Amino acid sequence: MRTKISLFDICNNLFLLLVALVCTYPFLYIFFLSISDGRSIASGDVVFFPKNPNLEAYQYILTNSNLGIFRGLLNSGIYTVVGTIVALMITYMTAYVLSRKQIKGRFVIMSLFVFTWVFEAGIIPAYIVLNKLGFVDNWLVMIIPNAINVQFLIITKTFLDGLPPELEEAAKIDGANDFQIMSRVFLAISKPILATIGVFYAVFIWNQYLMPLIYLQSPNLQTIQVMLKRLVISSGDSNTAFRTIIQNGVMLNPGNLKAAAIFVAMMPIVLVYPFVQKYFKKGILIGSVK
Amino acid sequence: MITSEMTPLPRKTWVSRFLTYMKTNRLLLLMLLPGLISLVLFKLAPLGGMIIAFQDFSAFRGVLGSPFVGLAHFQRIFEDPYIWTLVKNTVLLAFYSLLFTFPVPIIFALLLNEVRVRWIKGSVQSLSFLPYFISSAVMVSILYTLLSPSTGLVNDILARFGLDTIYFMAEPGWFRTNYVLLQVWQTFGYSAIVYIAAMAAIDPSVYESASLDGASRFQQMLHITLPSLKPTIAIMLIISVGNIFTVDLDRILLMYNQSVYETADVIQTYVYRLAFASSGFPEYSYGTAVNLLKSVVAYVLVVGTNKLSTKYSDTRLF
């Protein structure tokens, strides 16, 4: 019935492909800059394709430890992996208990979580509390305080609320205790929801800017996002961190090096994107509330 | 013979009931402990910390030792002419964002819905929401690279047409445009997903009878697809209006500099500077007072619009 290809179809498809290209092009452009040689960049030859492709810029920014880029990547990676695991465990356990009907006051606890989500205390009171608790210049600030995201807690609890109560009753009859019921029965059927919120926690931690900016002071604790701000944005055109250099016979200019720094900061997300995008999509759908 | 059933059970006091409850649920309660600690320390304690808005807080004396000054900070807010610049900037920035980020995903979703070639549909959609997952630091860095006056691609193109160099990141007049541009780029694909899901729920037989009646694809899009999105559009609009005080703090902190404060400085960035970037003494109490006012207004807006949205749908938003 709808097999006929009309002019509308052709225009529409072309237009949408163009839209996709336009919103992807800046990423590609940065990538092209990062693998081209400095001379071609300076003469404005790199627009749609890289010129004289090489990986010298990456080698330079990753091996020059005084730039702190490698350190930043490593830190961000550690915070992301550890933070996601901790967040998943605490969020899941809390959601699980709060979805058990026998727990008294669970409605009050959930309401308090929701209230703190809608009514924001702001960054200053949070800083005063976390400072007292010793989180200033402590890498655990990237792990512990945000281990429960209220939105993800609601999503997980709603999922668990929808599971049949017979699951718990049957396991209880078999003599399992509450922890075993959660870890052996419920965890297995919660894998899709855990994958979804896990992916979102990971992206959230990797992309964090304000937290590390406020709390982490030591350069060797700093994340790649804050390093990026210092190396690429703050310095502007009068850059002192990056200079034109010649490495292994290839000329590298600040434009090259900045592009490489930008690209490594987004690379982990781009690399895992094809594999986890179905979870992204699912998360957007169930999370499109507030 | 059945006397045991006759003997009156000892009256259970609340203490013994409490103990039985604790005993039968001890594992569950233990599992709740990390969540409870997290609620108290990281969510409720900062709320309590807002009391410093009524104090002359000094980090040296702590929250309990600092003297109360009543509403002095709030009085200062209303006497400070700069506050109105901040409110104006915050609301204008959110308003312009809404003006562009609201219709674009709807149009995009409508057009994407008409695509019959599956690989085009799939890849266009995947690419469209990739920017949502890229950090603000990366997005702003890319913007800087593209808009740089000396080496940026955009000024390069302007120069080829004989036009003057524009200092995009340093001119107050460009800040809102840059901010909204980033916002649209980063969120249109993400926001479209909700509409695409709503479209999947439309009964295909409606389209079939419409095309039998001779309606073109474009007409079907305007007269069937778009009207059936009405409830979703209404809810999304209400949510967006409720969040009008929410700006992307990360993005502004990364984008702004002193030369564009007159358009870029918003309530949250001002609060940030009062506490963390002031050259003198950090003004924790005044900053918290400013933030408290903003939080109250934002809370009323979100709760109010949430109530409103329940009129449009059966599902509460939270």
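Guide: Helices (H or I, at least four residues) and strands (E, at least two) are DSSP runs, numbered from the N terminus. This is a predicted model, in which local features need pLDDT of at least 70, side-chain atom pairs count only at pLDDT 80 or more, and totals for chains, interfaces and linings use all residues. Residues are numbered from 1 along each chain as its sequence is written, and chains are lettered from A and ligands numbered from 1 in the order in which they are written.

In chain A, the loop between helix 2 (38-42) and helix 3 (56-63) contains N52(A). Although N52(A) is not a glycine, its phi is positive, at about 45 degrees. A residue is called buried if 20 or more other C-beta atoms, placed from the backbone, lie within 10 Å of its own, exposed if 12 or fewer do, and partly exposed in between. N52(A) is partly exposed because 14 other C-beta atoms lie within 10 Å.

D137(A) belongs to the loop between helix 6 (123-132) and helix 7 (150-161) of chain A. D137(A) counts as exposed because it has 12 C-beta neighbours inside 10 Å.

Residues 77-98 of chain A are 100% helix and 0% strand, with end C-alpha atoms 31 Å apart. Residues 181-206 of chain A are 96% helix and 0% strand, and their end C-alpha atoms lie 32 Å apart.
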